[in-house]
Structures are given as structure tokens and as C-alpha cells.
Amino acid sequence: MTDMVDLLQAVEALTKPTVEHHAQKDADGKWIRTRTTQLDPLLIRLEAAGDPSNVDGDSVTSSGLSRVPVNLTATFEFAKIRSDIRSWCRGRGVEPTRPPQTSTVEDLRRWHVAVIGDASFDPAWATGELRKWAHVIRGLLEPAIQFPAVRPCPVCGASYYGDKINGGGRAINIFYDRDWDPDVKVYRIRNERALCGNCKTTWVGHEAVRELADEQKEKATQGETA
Ligand SMILES: [Zn+2]
């Protein structure tokens with residue numbers, strides 16, 4: 001059941017800054033330290049991503065090729081969300097912020113304060129909308145996914161790479177980009193690739209990455225039966 005706590009969390013997911021923790025590890029995968037980065041609220045990051053003057057901002061995407069479409073989509077998604085929040089405000093008799101002090105974060109907070117006091121308000125639908133927005137925005141702002149493969153590299157046999165100076169981690173890392181398709185509301189996965197940080201072998205494309213995974217699995221099974 002959706003309650004007012006879920007609603008508060010959904011509002012905060014869009015309006016509060018987030019802190020990211022990045023673990024730095026040595027060549028043996030041992031923890032060195034954790035770096036923390038504070039990021040602006042999702043709504044502010046989405047607005048910035050859609051602003052042409054921020055095109056060179058590295059928060060948009062690390063891939064120069066996908067920068068333009070991401071920006072157009074961000075502009076479009078932000079306009080849609082802003083207009084919905086403003087009409088939610090008006091529906092509650094709350095005056096949305098005006099230019100030049102327009103703030104979608106502030107509008108959403110004002111709307112939230114207005115519904116908290118209403119005992120007859122059912123938060124289910126709005127919570128669902130807010131969560132959907134957060135999901136869409138994260139997909140737009142963080143299109144590149146990276147995760148380490150636990151099993152060793154089938155080419156060089158290394159499980160880890162790197163040194164204490166440059167850092168390192170699991171030998172094999174898998175990457176892909178994703179594009180949010182707003183029409184059908186799914187992520188399109190593309191640019192799948194894998195890299196061994198130790199022997200620098202790369203696997204490019206969906207088929208190659210799948211073969212790598214199969215090979216790793218096979219080697220692991222052989223190791224178990226040997
Ligand atoms: Zn390797």
C-alpha cells in the first residue's frame with residue numbers, strides 16, 4: 001500500500017541532492033578509501049542537461065555521440081514534468097513559482113506541503129508518477145552502465161588488474177549504453193563491450209560479450225571439476 005512516507009520519499013528522490021560513494025580499491029581488490037560526490041537533485045540535473053548552454057557539461061553523458069539526442073530528450077522530458085507539476089500545484093490552489101525565480105523543485109515541494117494536510121488525499125497515483133519520472137531522469141542522465149565480471153579473464157587468466165597508484169579492480173568490466181525510448185518507455189541497450197584491464201583484450205558487440213560470458217562460465221565449470 002502506498003502511504004505518505006512513500007510519497008515523501010518519491011518527492012525527495014527528485015528534489016534532494018544525492019551523495020554518491022565510489023570505492024577505490026587496490027590491485028588485490030582491497031578497499032583503499034571511499035570518495036563521495038554530491039550531485040544536484042534529479043530535477044535540477046535534468047533541467048541543466050536540457051539547457052543548450054550546458055552541452056559541454058560532463059554530467060550530461062560521457063559519450064559525445066549521444067550528447068545531442070540526450071539533450072533534446074532531456075529538454076522535452078523536463079518541459080513535460082514541469083508542466084505537470086505546475087498543474088498539480090494549481091489543482092491544489094498553490095501558486096507555482098514565476099520567472100525569473102521559476103523552480104520546479106520548489107513547486108513540487110509546495111504541492112507536497114499542500115497535500116500533506118489533506119486527509120482525503122490518496123498518494124498512490126502521484127507516487128507512481130514521481131517514481132516514473134525519477135526512473136526516466138536517471139536513464140537520461142546516466143546512460144552508460146559499467147559493471148565488473150566476477151570471473152577471471154579467459155585470455156590471460158587474471159581476476160584483477162591495476163596497481164596502488166592508478167587503481168584497478170576486477171579484470172573484466174562490461175559496459176553498455178542505454179537510450180530511453182519515451183514512446184514505448186523502455187531502455188534500448190546498445191554499444192555492449194567488455195575490456196580486460198590486465199591484457200587489454202576487448203569484446204565488442206552483443207554477440208562477443210555473450211561469448212565472453214559463456215567462455216568464463218565454461219572455464220569456471222572446468223575448474224570446479226578438475
Ligand atoms: Zn585478460
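Asp179 lies in strand S6 (residues 172-181). Helices (H or I, at least four residues) and strands (E, at least two) are DSSP runs, numbered from the N terminus. Asp179 is partly exposed, with 18 other C-beta atoms within 10 Å. A residue is buried if 20 or more other C-beta atoms lie within 10 Å of its own, exposed if 12 or fewer, and partly exposed in between; C-beta atoms are placed from the backbone. Asp179 and Thr73 stand 106 residues apart in sequence. In space, the C-alpha atoms of Asp179 and Thr73 are 9.9 Å apart.

The model is predicted, and local features need pLDDT of at least 70, side-chain atom pairs count only at pLDDT 80 or more, and totals for chains, interfaces and linings use all residues. Residues are numbered from 1 along each chain as its sequence is written. The mean pLDDT of the protein is 82 (pLDDT is the predictor's confidence in each residue, from 0 to 100). A score of at least 70 is reached by 81% of the residues. Among the elements, helix H4 (residues 104-116) has the highest mean pLDDT, 96. Strand S1 (residues 18-25) has the lowest, 67. Over residues 55-67, pLDDT stays under 50. For residues 55-67 the model has 22 contacts beyond four places in sequence. Two residues are in contact if their C-beta atoms, placed from the backbone, lie within 7 Å. Where pLDDT is low, the predicted coordinates should not be read in detail.

The protein has 6 helices and 8 strands. From the N terminus on, the order of elements is α-β-β-α-α-α-α-β-β-β-β-β-β-α. Of the 226 residues, 23% count as buried. Among contacts with a separation of 6 or more, 54% come from residues 24 or more positions apart.

Helix packing comes next. Two packed helices are described by the angle between their axes and the distance between the axes. Axes are lines fitted to C-alpha atoms, for helices over the stretch in contact, and angles run from 0 to 180 degrees between N-to-C directions. The axes of helix H1 (residues 4-15) and helix H5 (residues 124-141) come within 9 Å and cross at roughly 30°. That angle makes H1 roughly parallel to H5. Angles under 35 degrees count as roughly parallel, over 145 as roughly antiparallel, 65 to 115 as roughly perpendicular and the rest as oblique. The crossing of H1 and H5 is left-handed. A crossing is left-handed if the near helix is turned anticlockwise from the far one by less than a right angle, and right-handed if clockwise. On the H1 side, the contact involves Asp6, Leu7, Ala10, Val11, Ala13 and Leu14. These residues meet Ala126, Thr127, Leu130, Arg131, Trp133 and Ala134 in H5. By class, the contact of H1 with H5 has 9 nonpolar, 1 polar and 2 charged residues. Ala, Val, Leu, Ile, Met, Phe, Trp, Tyr, Cys and Pro count as nonpolar, Asp, Glu, Lys and Arg as charged, and the others, Gly among them, as polar.

H1 also packs with H4. Their axes come within 10 Å and cross at roughly 170°. H1 is therefore roughly antiparallel to H4. Met4, Val11, Leu14 and Thr15 in H1 meet Val105, Leu108, Arg109, His112 and Ile116 in H4. The contact of H1 with H4 has 6 nonpolar, 2 polar and 1 charged residues.

The axes of helix H2 (residues 42-50) and H5 come within 10 Å and cross at roughly 50°. H2 is therefore oblique to H5. The crossing of H2 with H5 is left-handed. Leu42, Arg45, Leu46 and Ala49 of H2 make the contact with Ala134, Ile137, Leu140 and Leu141 of H5. The contact of H2 with H5 has 7 nonpolar residues, no polar residues and 1 charged residue. H2 is mostly covered, with 7 of its 9 residues buried. The buried residues of H2 are Leu42, Leu43, Arg45, Leu46, Glu47, Ala49 and Gly50.

Some backbone details complete the description. A cis peptide bond joins Pro99 and Pro100, with omega about 0°. Pro100 lies in the loop between helix H3 (67-91) and H4. Asn191 is not a glycine, yet has a positive phi of about 60°. Asn191 is found in strand S7 (residues 186-196) and counts as partly exposed, with 17 C-beta neighbours inside 10 Å. Lys200, also not a glycine, has a positive phi of about 65°. Lys200 is found in the loop between S7 and strand S8 (202-204). With 10 C-beta neighbours inside 10 Å, Lys200 counts as exposed.
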